[in-house]
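I opened the model today to look up two things. My notes follow the structure.

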Amino acid sequence: MNMYLSLFKKNLRLSFVYRSNIYISIISILSFTMLQYFLWKAIYSVNESTEISFSQMISYILFGVFIKLFTTCNISQYISDEVGKGSIELALIKPYSFFLYHLFRHLSSLLFELISKGTVLFIVCFSVFSEYITFSNEWSNMFYFVFCLFVAVTLSFFLDYIIGLISFWIIQTWQMKFLITDFGNILSGYFVPLWFFPKVIYNISEYLPFKYMYFMPINVILGTIPQSEFLRYAIIQIAWLLLLGLIIMYLWKNCRTKVLIQGG
Amino acid sequence: MIYANNLCKDYKIEVKEKGVINKIKSFVYPQYIVKEAVKNISFNIKEGEIVGYLGPNGAGKSTTIKMMSGILHPTSGEVNIGGVIPYKNPRKFSNNIGTVFGHRSQLWWDLPALDSLELFKDIYKVPDSVYKSNINLFKELLGIEAFLNIPVRQLSLGQRMRVEIAAALIHNPQILFLDEPTLGLDILVKDKVRNFIKELKNIHKTTIILTTHDMQDIETVCERMIIIDHGEKVFDGFASALQELYSEDTNIVVTMKRNESFIINSPGIHVLAEEGNTVSLRIHKSIPTPDALKTIMNSNDIQDIKITGSDLEELIKRVYQNNQGNEMNEYVS
Amino acid sequence: MDSLWLYRRFVIKYFKSKLEYKLPFAMDVLVNILNSLSFFAVIYFIIGKFNFLSNWELYEVTLMYSIGLFSFGIAGTLFWYPVTEMENLMISGQLDGYLIKPIHPLFHLVSKHFGHTFLGQIIVGISLLCYSFFNLDIDYNFTFWISFIVLVINAILVQCAIMISLSPLCFYFAKPQAFAMMVVVELQVMSRYPADIFHKIIQLVMIFGIPYMFVSYFPAYLLVNSDISKSYMLVNYIIGPILFGLSLLFFNKSLRRYNSAGS
C-alpha cells in the first residue's frame, strides 16, 4: 500500500509541473459554461418550461461542470501508448497490480484537477451566477449525492480502464474513446439535459451507464429526483459497477495470456 | 570553397531563480547569461576536401555546422560557401548541400525507401537521367538495392543510414555534411559507408565535412582534421601534424629469445622494467621508432616486439584534455 | 503550378502508405463523421425543439454550421499536422532538416502529412450544405452561387490562417498544443452556434480576437439575407486572403526568430 501512496504523491508532483495546461483548460471549461449559459438564457427567454425552472437549468450547468471534473479519465491513453511502444511487458512483470497502479495514478490526477481547476471554477461560477443557484439541502439528498459521485468516478474509471485493456488487442484506442465520449456526452445529458430529449433517447440512456456518470448526481443535488427512487437507482448503480468490474476481470485474464503467449 | 572568418555565436540564456520572490523579480527584470558557444573560428576548406570536424560534446560543432548550412545566423563573423552566404537565403542555398544527421531521419517513415528517394528527386528537381545514374551508383556502392522497396520503419539502422546518405546525395550537392553517420552501425556497413565517402571525392569532387567520434572514420576517410573545443579551434591540419604536436614517448615491450639480459646503450632509450623475458622500454619522441628498433635489435636477440605508441585516439584525447583548463566562456549581461 | 504538382506527388504517396491499412483509415474518417454529426445533432435538436432565435431559422443554422465545418475540414487536411507536430520537430531537431530544403518548410510540412481524418468533417460538411440548400427558400441565381463560392473560399482561408498562426507558437512558449486545441475546438464550437445569443463582448472577440465569425456566421448571414444593408459586410469577401497573408508573415517571422536564436 505504501508503494501506491508514494506513486500517488509522485504523480501529484508531476501534475504540478504541467501547470500551464491548467490555465488553458480552465478557460476552456469557462467558455463551455458561458456558451451553455447564453444558449439556455436565450431558450428560456422565449420558452416557458413548466417542469424545470431557469435557476434549475443554470444550476444544472454549474454542477455539471464539477461533475465533469470528477469523471474525466485519460488512463486508456497511457495504457494504449505503453502497448504501442511495446513497454507493456515491463509493466506486467512488476510486483504490483496493474489495476491499482493506474487507479492511483488516476486518483492523483483527479485530486490535482479538483484542487487546481475546481477551486478556480468554484470561485468564478458561484460568484458570477450565485443568484441562479438552487439545490436541495436535505440530508438524504446530500448523502445520496456523495454516493452518486463515488459511483460516477468509479464508473468513468472502469469504462476508461476497459478501453485501455482493449488496447492490448487493437493498440490504437483513441477512435474508440472518441466515439464513446461522443455518445456518452449526448446520452449522459452533458449537452442537453435528459429531461428535454424525446422519449426514445431517454429510454436508450436508461439502459446505459452514462446517465449515472453525469445526469444522476446532478439531479440528486438539485432535488429533482424523489427520495423514494433513491434505493431503486442505487441498486442499478451497484449493478453497473459489478458488471463493469466483471468485464475488467474477464478482460484482464485474457490480456495476461495474450502478452505471455504473443509477447506485447 | 568553404570560407569561415571569425565566426562567433552567442546564446542568451535566461537565469532561472529559485524562490518565489526571485521568480517574480526575474519575471519583471529578467537576467541573462551570454554563452559564447562559438568564438572566432576561422578556416578555409578547398573543393573536394574531406575534413573531419571533431571536438568533445558541447564544443560548438553542431553550432558551427548549423551556421555553415544556413540554419543559424552568426552573432558576428562571416561564412561564405562558394561565394554564397548560407543564411542569407537558406532555401536557395540548400540546393548545394546535402545533410545526413545520424539520429534524425529525413525519410518518410511509412513509405518504401525508394519512394522517399523519388520525393527527394521531386523536391530538388533532379533531372531523370541524373536521378537514374545516381540510383545506380548507390545500388552499386552502397548496396541498397535489396531493401529499396521496404518501408523505412522496417529497415535496420545500417540499411536506413545508407538510404539517408543516398537521399542526401540525390541532387549532387557540392557539399555534404555528415553528422555521426556511422553511429551504431556494424563493421561491414561502416566499411561500405567509409569507402563510399572516399569514392564520392573521386566521382563528384564533393566537399565533405564529417563530424564523428569514431576514430576509425577519421583514420580511414579524413585527410584533414579540424578540432574544436570550448568554442575555439584548437587544431587544423593533417594527422601527421597532430602526431608531431602531441605525440609523446613511445612505449615498447620486448620479449627476449633466451634468458639473456637486455643490453642497450642509447640515451633516448630508457628501460622501465624487466620481468623474466619481457623488458619494457620507453623511446623518447625525438628518436623515430624504426631507428630505435634497429638499435635494439642490433645488440639483442629479440623474439617479439610490441609497440604501444600514441595512436590517433590518444592524441585527440590529449588535445581535449589540454584544453580543459579553459572553461566555456560565460559572462553576465 | 510547380508547387501544386509537387503537392500532388506527396499526397499520392501519403495515401499509398495510409491505404495499406484500410480499416484504421476508414475508422479514422468514420469517427470524425460521427463526431461532427453528433455535435450537429445537438444543435439541430435544440433549435428545432425550442425555436428561440428570432432571425435564424433551422436550415439557416444548418447552412451556417456546414460552412464552418466544411472550411474546418479543408483547412485541417492541410495545416493541422504543422500545428500538432511543430513542437516535436523543434525538440527532436528534425525541424532543421526542413529548413535546408529548397521548398518552404510550411509547404513541406503541409505536403508531408495530409490530414486524412478531416475527410470526415468534409463529408459531413458537404452533406449538410446540400441538406440546407434543399430546404432553404433562396433565389439560387448566378449572383448567389458566385457569392457562395467566394465566401466559402474566404472561410477556408480564415480557418487556414488561424491554424497557420497556431503552429509557430512552440517557438514562443512550451507545450502550446493545449492552447491550440482550445482555440480550434472550444472556441470554434461556440462559433457554430448563432452568435446572436452571446454578449456583445464575446462577439467582438470572435471578430477581432480569433476571427471565427467570418467562418460561419457572416457567410451564412450574407447568403440568406440578400439585402446587404451594411457596406462593411463586404469585408467578408476579402478577409480570407488578408488574414491568410498575415498568418504567413507571422509564420515566417517566427521561423527567422528561431534561426537567429538557435536553441
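**Interface of chain C and chain A**

I began with polar contacts across the interface of chain C and chain A, and the rule finds three residue pairs, both residues of each at pLDDT 80 or more. I note here that the model is a predicted one.

I then asked which helices of chain C supply at least two residues each to the side that touches chain A. They are α2 (22-50) and α8 (177-192) of chain C. The largest share comes from α2(C), with 13 residues.

I sorted this side of chain C by residue class: 19 residues are nonpolar, five are polar and four are charged.

I looked for salt bridges across the interface of chain C and chain A and the rule finds zero.

I looked up the extent of the interface next. On chain C 28 residues are in contact with 27 residues of chain A. The two chains bury about 2700 Å² between them, and 80% of that is on carbon and sulfur atoms.

**A helix pair in chain C**

I turned to helix α7 (residues 142-166) and helix α10 (residues 217-224) of chain C, which pack at an angle of about 175 degrees. Their axes are 10 Å apart. Angles over 145 degrees count as roughly antiparallel, and α7(C) and α10(C) are therefore roughly antiparallel to each other.

I listed the residues that make this contact. From α7(C) they are C:F144, C:S147, C:F148 and C:L151; from α10(C) they are C:P219, C:L222 and C:L223.

Definitions and conventions
Residues are numbered from 1 along each chain as its sequence is written. Chains are lettered from A and ligands numbered from 1 in the order in which they are written. This is a predicted model: local features need pLDDT of at least 70, side-chain atom pairs count only at pLDDT 80 or more; totals for chains, interfaces and linings use all residues. Side-chain values use heavy atoms; hydrogens and water are left out. Contact means heavy atoms within 4.5 Å. Buried area is the accessible area (1.4 Å probe) that two parts lose on being put together, summed over both. A salt bridge is a side-chain nitrogen of Lys or Arg within 4 Å of a carboxyl oxygen of Asp or Glu. A polar contact is a pair of N or O atoms within 3.5 Å; within protein, one must be able to donate a hydrogen and the other to accept it, and residues adjacent in sequence count only if both atoms are side-chain atoms. Helices (H or I, at least four residues) and strands (E, at least two) are DSSP runs, numbered from the N terminus. Ala, Val, Leu, Ile, Met, Phe, Trp, Tyr, Cys and Pro count as nonpolar, Asp, Glu, Lys and Arg as charged, and the others, Gly among them, as polar. Axes are lines fitted to C-alpha atoms, for helices over the stretch in contact, and angles run from 0 to 180 degrees between N-to-C directions. Angles under 35 degrees count as roughly parallel, over 145 as roughly antiparallel, 65 to 115 as roughly perpendicular and the rest as oblique.
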